Amino acid sequence: MNWKEKWKEGNWKERSPEEIGREKPWKGMLSGERWKEGKRKFQKASRKKKIAVFLVLAAILFLLFRIFGGGTETKRADAAYRTEEAGRRTITESITGSGTLEPADSYTITTLVKGDVLLADFEVGDTVEEDAVLYEIDSADAANSIEQAEISLSESQSSYQRKLKSQEDLRVKAPIDGMVIDIEVEKGDDVKAGETVAVIRDASVMQIELPFFSADAKTFQVGQQAEVTFYGSFETAAGKVTEIGRVDTVLSGNVQVRYVTIAVENPGALSEGQMATAQVGSSGSYAPGSFTYQYSRQVTAAVSGTVVSIPAVEGDVVQKNTTLVVMESDDVADSVRQAANQVRNSEISLENKQEQLESYTITSPINGTIIQKNFKQGDTISDTGEKLCTVYDLSYLKITLNVDELDISNIEAGQKVTITADAVEGKAYEGEVASITMVGTTSSGVTTYPVEVQIHETEGLLPGMNVSAEIFIQNAENVVAVPISAVERGNRVLVEGGEIAAEGENIPAGYGYREVEVGVSDDSYIEIISGIEEGESVAYQQVSSAENGEMRQMNAIPGMGGNMPSGGMGGGSRNAGGRPSDGGKR
């Protein structure tokens, strides 16, 4: 019996490894262990082939199942539809939100000054009027500071006036009426202070100084008439005493005289140096004298500068204060500008100190109620910016709601708002929309707009309370309505006998889609303007409120065939969250 026959009989296990090795039934099998290893490999390969065959058969069966309709896919195979007749009802559309009550107005009063509190004659809960004195703070130091600032301002103004005079002095003017005899500078010359720039003379009046006996001169008076006699022609002219000497002068022969000055109007023929005598009353002059011009001046520059123009010409007859020479000076201009700045700085300093003095008396900025008092009479305010007290205007309360961009167009001032508070059970308050802020805030792709609601009847309410608000948008009475869930994307409703077939969908028998026009909606129902009559049966799948919200949003998307009211389907009770800082919930 060879090894194949023994193998078939199953007695291969009785043979020893040596026998198996000698017969060499398989190459390389020299021991029992190698035989066992070969067996395991064979069995493992067989299992893999069986699994592969099974998977191929399963794939073929699945494909045949899909091809021949054995497992047709259904969109609503497991969905349970509800039916309801379209009926008439009243639908109220509103927007709801929550937030924290605030006073009509509030001020936290701080101090700009330091010092001891001299007066604080009020208590928490007191009602105060606008501009009523709340605090008076010791202002002794401020008063001293103001006095010093006033002195500094006065000195600055005086300095500025002097600088202006220096600037004005750059225009050299005629000191008297007269004739310009000489211009001693040229354009472009640098002139120093005190330097002569012109000579001007008044030839209309001549004067003569004559000696009179002292005893006679003592009896003369200024303004007394005199008669002047000219040498040579012996003509006379009327004169007037303008000055009487106070000191006696001794001439030769031990004669004591006093010099008297007499002015004579020049008829045009008198000239400087002409000789004459005079008689005052019954007294004649002791000796003759010579005429001089009464007014003849050398015009000098009061400040240094550079000549830029010379308006006067020699021989011009000019009046007093006529500009003769014009100069310029950068130094003078700079000093004037600096002086002006110093005046302004001094004025600002004084104004600040005066305002600061007002800050020592602190008044109420509004009519209101004291909510908090932090300092009392006798306390010391050690630093500026300290919070002294808080005043609330409680004439009404308000809440700010953040309304979604889809709903803001439905909000307008004057709309009624219902307010409820957990702190006041069983009572609803009436408010109204006071204002709408057109500046929105965008977060996560959604923009909201602040809407202020005011509540005037506030008994039981206090600032800081959390409240809920409902803004009523519109009301539709006795209108045909269906459940919100019945309106699907594209404003389609499953209606008994509907004209639009729903191919491939597992829907109730006898129902088909119909396009409708919708109107006002609340949490549960939506108005049907057209497309469904009262009493017609509609079918719908009941969905959660979250899914309903999603449906409403999708119906509101442009291009989706929606014809929904603002806010989308079923948007009658939408949320308008209060500001986060007010504790509002989004």
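These legends describe close-up views of a predicted model. Local features need pLDDT of at least 70, side-chain atom pairs count only at pLDDT 80 or more, and totals for chains, interfaces and linings use all residues. Numbering runs from 1 along each chain as its sequence is written, and side-chain values use heavy atoms, with hydrogens and water left out.

View 1. Strands here are DSSP runs of E with at least two residues, numbered from the N terminus. Two strands pair if DSSP finds at least two bridges between them. S98 stands opposite S468 in β29. Strand β25 (residues 416–421) also pairs with β29, over five bridges and in the antiparallel sense. There, V417 has I471 of β29 as its bridge partner. Strand β34 (residues 525–530) is another antiparallel partner of β29, joined by three bridges. P483 faces Y525 of β34 across this pairing.

**View 2. The two faces of β25.** One face of β25 is covered and holds V417, I419 and A421. The uncovered face holds K416, T418 and T420. A hairpin of two residues leads from β25 to β26. Six bridges join these antiparallel strands. K416 stands opposite E432 in β26.

**View 3. The largest nonpolar core.** A nonpolar core is a set of buried Ala, Val, Leu, Ile, Met, Phe, Trp, Tyr and Cys residues joined through side-chain atoms within 4.5 Å. Buried means under 20% relative accessible area, exposed means over 50%, and partly exposed lies in between (1.4 Å probe, protein chains only). The largest core has 24 residues. L101, I411, I419 and L461 have the most contacts inside it. At least two residues of this core come from each of β24 (387–404), β25, β26 (424–436), β28 and β29. A second, separate core has 22 residues, including I183, V191, V325 and V336. In soluble globular proteins, nonpolar side chains tend to be buried together.

**View 4. The surroundings of L101.** Contact means heavy atoms within 4.5 Å. Residues up to four places away in sequence are not counted for L101. Among the residues that L101 touches are L397, K398 and I399. I455 is also one of its contacts.

**View 5. A four-stranded open sheet.** The strand order is β21-β6-β4-β23, with antiparallel pairing. β21 (361–363) and β23 (380–381) are the edge strands, each pairing on one side only. Three bridges link β21 to strand β6 (residues 133–137), again in the antiparallel sense. In this pairing, E136 stands opposite T361 of β21.

**View 6. Two loop residues with positive phi.** Most residues other than glycine have a negative phi. S444 is not a glycine, yet its phi is positive, about 55°. S444 is found in the loop between β27 (441–443) and β28 (446–455). S444 counts as exposed because its relative accessibility is 76%. N491 also has a positive phi, near 55°, and is a residue other than glycine. The loop that holds N491 lies between β30 (487–488) and β31 (492–496). N491 has a relative accessible area of 2%, so it is buried.

**View 7. V487 in strand β30.** V487 lies in strand β30. V487 counts as buried because its relative accessibility is 0%. V487 and I528 are 41 residues apart in sequence. Their C-alpha atoms are 9.7 Å apart in space.

**View 8. A nonpolar patch on the surface.** M179, I181 and V317 form this patch. Together they have about 260 Å² of accessible area. Areas come from the Shrake-Rupley method with a 1.4 Å probe; for residues, only the protein chains shown count as cover. Nonpolar side chains (Val, Leu, Ile, Met, Phe, Trp, Tyr) are joined within 5 Å, and like charges within 9 Å. V317 lies in strand β19 (residues 317–318). V317 counts as exposed because its relative accessibility is 66%.

Definitions and conventions. Patches are made of residues with over 30% relative accessible area and no salt bridge: like charges are joined within 9 Å, nonpolar side chains (Val, Leu, Ile, Met, Phe, Trp, Tyr) within 5 Å. A salt bridge is a side-chain nitrogen of Lys or Arg within 4 Å of a carboxyl oxygen of Asp or Glu.
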